[in-house]
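Biologist: I'm new to this one. Could you walk me through how the chains meet, and then look at a pair of helices?

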Number of protein chains: 2
Amino acid sequence: MSTAHGARARARIEVTAAIKDEARRQLAAQGAARLSLRAVARELGMVSSALYRYFPSRDDLLTALIIDAYDSLGERAEAAHESAATDPFRRWIAVCEAVRGWALDHPHEYALIYGSPVPGYTAPDTTVPSAARVGLLLLGIARDAHHGSGLAGPALPSELRPEAERMAADLAPDLPPEVVSALVAAWAQLYGLVGFELFGQFHRVVEDRARFFRHAVGQLARGVGLVPGSAEDAAPGGGVLPGE
Amino acid sequence: MSTAHGARARARIEVTAAIKDEARRQLAAQGAARLSLRAVARELGMVSSALYRYFPSRDDLLTALIIDAYDSLGERAEAAHESAATDPFRRWIAVCEAVRGWALDHPHEYALIYGSPVPGYTAPDTTVPSAARVGLLLLGIARDAHHGSGLAGPALPSELRPEAERMAADLAPDLPPEVVSALVAAWAQLYGLVGFELFGQFHRVVEDRARFFRHAVGQLARGVGLVPGSAEDAAPGGGVLPGE
DNA sequence: ACACAAACGAGAGCACCGCTCTTGCTATGC
DNA sequence: GCATAGCAAGAGCGGTGCTCTCGTTTGTGT
């Protein structure tokens, strides 16, 4: 069913990809607000109206780029997660640094997905699965650590307990509510650190940003109960969890 | 020297203010990218070219709005700081909640200053003093607490020590480097929390956002060594610091 | 008091934008 | 073999930021 319909369908796929590629080029070069359908069409040797056969509007093209950006970030984070040591703390650091690295490599795409949303535009639900990948990764690290050596977040004030329990039930019923709550906060705070660096807020404030970031996300990890050199890592070479 | 030059100068000030007011209205209604010089001029009953007598370009108008936004946020944070209890921990919470409140009240202006910068546009140094106000406020709280009951941040890894000492020398030589480092991180993380809420990343994740935020910034405070109910607050009615 | 220069508002115009509609052409499916 | 659906192209609409020119108004120095 995929390539069944011959030349026409294949051409459509190719043209669609070419449009997205050129759009991504312009996005990377000048940012989202300067992405112009007409310029994309011009560069591709077509007339602007022809482009509307493939994307019904500029916003739809942007949405496609947003999903691609989330996936690109997600893949990089997942790759970092897999090639890191099994120690949850180190994996946490690796994932966070992958996020930062991707953001520095693709500033305009990062701005597109984590900066101010394009005005008057709200991302459709299509983006949700791609957008969730990094969050799920962090959640998975916490889960591994919890099932390994146990995890204890900071004490939960009684006024937040219902909300924390609700979040835990939604996101990770096998984790303590205080860990889930701390995790969500750390998730947001991670993007605060990345955003401030990327958008120039650290200008003349933080210079050695890589080291600063590494330390800050390490503290973030501690906030959810992760500590360096936990049980799993003490057993060298082992991929299998001792406990459980 | 200010109003000395009579009617013309006064008219200029009034027109400039009217332009900014109308621009702010459009900004609040539709966001920065949809702010149109022509629409502002139209609403003011002038022709678009006349507007260039007051702002040399759209970016310059945006810059003026950015500075105003920073100042508006700064004023609100400072007001919250002053009307809060003297206990540094409570002051910290109050300032953070003021930032969140302002952001929720002025989402597009928040996006303008802390979201992705307008593409191809970098804020001039004119904005720096206004932009620094909230940061300085948080710094002041930490300083008060430190001079009161002392403050101890988390241990600093040796690789970050030079950078932390440099930051401390620049920002607050009277504070321990680990506190300054934690403070800068908390500052960025605060905006991560606000941004995620404002830009919809907490959609279907965090529901009771006010309580969640309050707890999260409380944890942020602990990260720089602030704890609830510290020394100054234990002595009732006292504005004078006991130690030092 | 008068002249000169600076500031100003209005208008026309340039190049660009997103998007729509119509017009022919061509490949696909019955 | 032919109707149909997908396609590229062009013209055009209303909008944008910005520039330039043109009279007019206003403030100032002599």
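Biologist: How much area is buried between chain A and chain B?

Modeller: Keep in mind that this is a predicted model. Carbon and sulfur atoms give 67% of the area buried between the two chains. As for contacts, 47 residues of chain A touch 47 residues of chain B. The buried area comes to about 3900 Å².

Biologist: Which helix of chain A gives the most residues to the side that touches chain B?

Modeller: Four helices of chain A each supply at least two residues there: α6 (107-114), α9 (161-171), α10 (177-198) and α11 (209-223). With 10 residues, the one that gives the most is α10(A).

Biologist: What is the count of residue pairs in polar contact between chain A and chain B?

Modeller: Let's start with the make-up of chain A's side, which has 28 nonpolar, 11 polar and eight charged residues. For polar contacts, with both residues at pLDDT 80 or more, the number of residue pairs is 13.

Biologist: Now inside chain A: how do helices α4 and α8 lie, roughly parallel or roughly antiparallel?

Modeller: The axes of α4 (residues 58-83) and α8 (residues 133-149) of chain A come within 8 Å and cross at roughly 20 degrees. Angles under 35 degrees count as roughly parallel. So α4(A) and α8(A) are roughly parallel.

Biologist: Which residues of α8(A) meet α4(A)?

Modeller: By class, this contact has five nonpolar, two polar and four charged residues. On the α4(A) side are A:Asp71, A:Leu73, A:Gly74, A:Glu75, A:Ala77, A:Glu78 and A:His81. From α8(A), they meet A:Arg133, A:Val134, A:Leu137 and A:Ile141.

Technical notes
Residues numbered from 1 in each chain as written. Chains lettered and ligands numbered in written order. Predicted model: local features only at pLDDT ≥ 70, side-chain atom pairs only at ≥ 80, totals over all residues. Heavy atoms only, no water. Contact = heavy atoms within 4.5 Å. Buried area = accessible area lost by both parts, 1.4 Å probe. Polar contact = N/O pair within 3.5 Å; in protein donor to acceptor, adjacent residues only side chain to side chain. Nonpolar A, V, L, I, M, F, W, Y, C, P; charged D, E, K, R; others polar. Axes fitted to C-alpha atoms, helices over the stretch in contact; angles between N-to-C directions. Parallel < 35°, antiparallel > 145°, perpendicular 65-115°, else oblique.
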